[in-house]
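Please look over the sequence and the structure below.

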Amino acid sequence: MTRPTLGRARWWVAAALALVGVFVLGATAVRFAPPGSTVAVWWPAAGLAVSFLVATARGARAWLFVVGVLVSSAAANAYGGRSPLVALCFGVANAAEVAVVYGLLTRGGRRPALASMEDLWNLLAATLAGALVFGLFAGLTVSIGVGGPFLATASAVTASHAAAVLVFAPLGIAVGTRRTRRPGFEDLVQWVVVVGLTAWVFNPDQALPLAFLPIPVLVWGALRLGLRTVAIQLLVVGVLAVTLTSIGGGPFAAAARVGGLRPETVGALTQAFLVTAAVTALSLAVASTQRRAALADLRSEVELSSVVLDTAASAIIVVDRAGAIARLNATAARLLGAPEAELVGRPAAEVFPVDDHERVSAQMAGIGEGAVPLHEEQDWRVTGLGVRHIVWTNAYLTDDTGHRTHLVKTGVDVTDERAARTFVEAVLEAATATAIIGTDLDGVITLFNRGAETVLGWRASEVVSRKDWSLLHDPAEIDRRAEELGVEPGFDVLVHRVRGGAATETRDWTYVRKDGTRRTVSLTMSGIRDEGGQLTGYLGVAEDVTRRRQVEVTLQVALDREREAVEELTQLDRTKSDFVSAVSHELRTPLASVLGYTEMLEDGAAGALTDRQLELVARVDRNGRRLLSLIEDLLLNSRIEAGRLELAPRRCDLSDVVASAWTSVETVTAQRDLVREVEVSPRPLWIEGDPAALERMVTNLLSNAVKFTPDGGRVALAAHPDDRRPDTVRLVVSDSGMGIPESDHERVFARFFRSSAANERAIQGSGLGLSIVRAIAEGHGGSVSVASAPDEGSTFTVCLPVAGSAGPPTKAASRTYRDHRDDS
Ligand code: ADP
C-alpha cells in the first residue's frame, strides 16, 4: 500500500484548505442544527479532519493540524452564533476527538489501513472512542455552558460524530490504496444506480420507508468494485442522505411528519442508517479484497510449486491415503516410464518398478498409519536406463485433525555417483602395495588406503581424521630436510614444493611403521585442487623401495670394486707394455749389430767364405731380419697402444715406397716358388705421408701374402690412382693363397689375432702385422679393407688421399702429427 506524500509547501496549502473545509462544514452544520436543538444533527467537519489527517499527515504536522482543527471548529461555532466560551469548548472537543481517532489509528507507528478485518475493527473502535470523547466534552459544555441536558446531548453528538467519521475516514485510508481494476461499464451502471436510488429514496416526495434500499447497491460495489469506490460512494450516499433528510426528504423526515418525531430522533435515525451502510459496505469490501489477495497468493503459490516440481532434478511423487498417485513431477514420470497424466490415479505399488512389490503394497496400504519409513533406498528397474539406485526422503501431509492424508516421496538417483565412488574406492583399495595417503591443507589425514595399511602397519581407522602425519615420518629426517629448505620443521617440509606451485615432487623418505621399524619409500606428493583450481589438500603416493635401495647400494659397492680391479689391470697392462717396449729397444741394438756383421761376412770382410759358410751366414741373416721385423712390430704396437704412433708426413711418391718395400721382401720371396707381379702407375702417386711407416705397411702386407700362399701360387702388388675417386690412390696386395673365411674379415685387423688355420699349419707370425697396417693407413687419413674367401686367395686394398686433396686427417692422425717429435 502506498500513501501519497505531499511536498512541504503543498501540504500547508492542502491543510489550510482542509481547515477552511472544516470551518465551512462546521458553520453549515451549526446553521442547519434543528431549531431548538443545542447541537447539530451531523458533524461532517470531524470526518473531513480525520480523513485529511489519515491521508497526509505524520508526526509534528499531525499535531499542528489538530490545533488548526481546534481553531477552525471554534471559529465555526462562533460564526454559527454560539458564545465565544462555548465555541472554544466545542473547538477543544473537536480537536480532542480528531486527536483520539488519529492517535488510535496510528498507535505503535502503524499505518492506517483497511486490508483486514482487524483493521476494520480498529477503525470502528477508534471512531467510537473519538466520538465518545467528543460526546463527553460536548455534554459537559452544554450542561455547564447553556444549562442543557448532559446525557441527551452527549449521546446525540456521539452518534452524529461517529457516523460522520465512519463515512469520511475510509476515503482518507483508501486514497493510498492501489486500484485493483480498471473502471468499466459495470462501475458506471453501479454508480448511476447507487446515486439515483439514494436520491430517489431520500427525495422529498418520497414517503415510502425504503431507507434500506441503497444498502444492497453499496454491497454490490463492495463485492465487485474495490475499497476506494466503496469509500467514495459511502461519502456520496451519506452527504445525499443527510442533506435530503435535512430538507425534509426521505423516510426519516416522513416518519417525523407523520409520527411527530423530534428532530433529534430523525438525526439519530439518519446516523443509524449511515453507520449501518458504512459497516456493511466496509466489512464486505475488506473481506472481498482479502479474498482476492488470498486467491492471488494461492494462485502464484500453486504456479510456483508446480514450476519447482517440474524443474526439480529429484523425483517427487505424492501418494494419497489409498495408495494412489495423486501428483508427480516430470522427473518421477521419466523414472516410471509413462506420461504424468497416465500415472495419476493409479496405485503406486502397481507402477513402482521394484522387485519387492509386496512390501511396497503393504507400505502404501499403511500410509494412514505411517507405515512408510522417512528414509529408504530402492533399486528401480527403469526402462532404457537399467537398474537405478534411488534414495527416497518421505514426508507425510496431515489434515487439520492431524490425520495423515498424503505421502510425499522425494527421490534422488544416486546410481552414477555410487558407480564413480565405487570405482575410485576399488582403485584405491586395489593398490595394496602402494600407500596412498590423502591429507587436508594442515596435514590431517583424510584418506589411508589398504596399501598404506600394509606399508605402515597402521589401520585406516587409527589415523584417518587425526593430524598425525608426523607419526608416519622419521622426525630427524624431517628436521634435516627443514634445514635444507630453510623452513620450520612441520608438515610444510613434505609439501613445500607442491605448495610453491610444483605439480608433483618425488623423493625418498623414511616411513616409521607402527611397530617402529623403518622403511624407505619413494613418495610422490601432489596437490588436490577443486574446480576453481584452489588447493584443498594433498595426495601422497608412496612405494616401499627399501629392498631396491639396498640392492642399489650393493650394486654400487660391486661396481666400485670392479672399477678398482680394472684400474689395477690397466696399470698392469701399462707396465707390461712398457716392459715389452723396453726389451724390444734393448734387443734392437745388438740385433742390428749382428746383422751388420753378417753383412760384412757375406761381403767377404773376413775373407772369402765357402759356399757352405755363405749358406749358413745367409740363414743367420734371414732369421735375424725376421727377428728384427718382429721387434719393430712390437715397438710399433707399443706406440700404437700408447696412442703415440708418430708419423713424419711429407710429400712423397707412393711408387717409390712400393718399389722400396718390394725390394726389402725380395730376399724372402726369392726363396719361394711364386709368381710375383708388380704393377705401378707410370705417373708419380703424390701423397702426404711418412715413407718409412708406409713402407712398413706395404712390407707387412707383402710378407703376409707370401706367408699364406703355398709354392706355385701368385703374389701381386699394384699401386695406381683410384678410377672412381680422383682424390684417392689405391694400393692393392693380392695373393692366390689360403684365403680368409668371411667371419674373420674384421677380426684379422685386431691385435694378436691369428687364424686357427695359421696356427695349425704352424705359419709363423705374431698377430700384430695387420693391426699395424690399419693404424698406419688410418694415420694417413686412409683405410684398409680385405676381400677374401677360403682357398681363393686374399686381396688387401689400402686407399690413401692424394697430396693436397687430402681431406682432414683422422683424429688419431692429427694428434699424431701434432705430437711428432724428432727423437722418433
Ligand atoms: P700374422 O701374420 O703375424 O699372423 P697378421 O696380423 O699379419 O699376423 O695376420 C693376422 C692373421 O690374418 C693371420 O694369422 C692370418 O690368419 C690372416 N692373414 C693375414 N694375411 C693373410 C693372407 N694374405 N692370406 C691368408 N690369411 C691371411
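The largest cavity holds about 100 Å³ of space. A cavity here is a set of points, on a 1 Å grid over the protein atoms alone, where a 1.4 Å probe fits but cannot get out; points are joined across faces, edges and corners, and the volume is the space filled by probe spheres set on the points. The model is predicted, with local features needing pLDDT of at least 70 and side-chain atom pairs counting only at pLDDT 80 or more, while totals for chains, interfaces and linings use all residues. Residues are numbered from 1 along each chain as its sequence is written, and side-chain values use heavy atoms, with hydrogens and water left out.

By this rule there are 3 cavities of 30 Å³ or more. The lining of the largest cavity (residues with an atom within 4 Å of a point) includes Ile437, Trp469, His473, Phe491 and Met525. Strand 6 (434–440), helix 20 (491–499) and strand 9 (518–529) each give two or more residues to this lining; helices (H or I, at least four residues) and strands (E, at least two) are DSSP runs, numbered from the N terminus. By class, the lining has 9 nonpolar, 3 polar and no charged residues. Ala, Val, Leu, Ile, Met, Phe, Trp, Tyr, Cys and Pro count as nonpolar, Asp, Glu, Lys and Arg as charged, and the others, Gly among them, as polar.

The ligand is surrounded by 21 residues, each with a heavy atom within 4 Å of it. The closest are Asn704, Lys707, Arg754, Ser755 and Ser766. A polar side-chain atom of Lys707 is 2.8 Å from a ligand oxygen atom, and a backbone N or O atom of Gly767 is 3.0 Å from a ligand oxygen atom. Of the 520 Å² of accessible area that the ligand has on its own, the protein covers 98% (Shrake-Rupley method, 1.4 Å probe). Helix 25 (691–707), helix 27 (769–779) and strand 17 (794–801) each give two or more residues to the shell, and helix 25 gives the most, with 3 residues. The shell has 10 nonpolar, 8 polar and 3 charged residues.

Most residues other than glycine have a negative phi. Phe752, in the loop between strand 15 (728–735) and helix 26 (756–760), has a positive phi near 65 degrees. Asp791, in the loop between strand 16 (783–788) and strand 17, also has a positive phi, near 65 degrees. Phe752 counts as partly exposed because its relative accessibility is 47%, whereas Asp791, at 62%, counts as exposed (buried is under 20%, exposed over 50%, partly exposed in between; 1.4 Å probe, protein chains only).

Notes:
A polar contact is a pair of N or O atoms within 3.5 Å; within protein, one must be able to donate a hydrogen and the other to accept it, and residues adjacent in sequence count only if both atoms are side-chain atoms. On a 1 Å grid over the protein atoms alone, a cavity is a set of points where a 1.4 Å probe fits but cannot get out, and a pocket is an open set with protein on both sides within 12 Å along at least five of seven lines; lining residues have an atom within 4 Å of a point.
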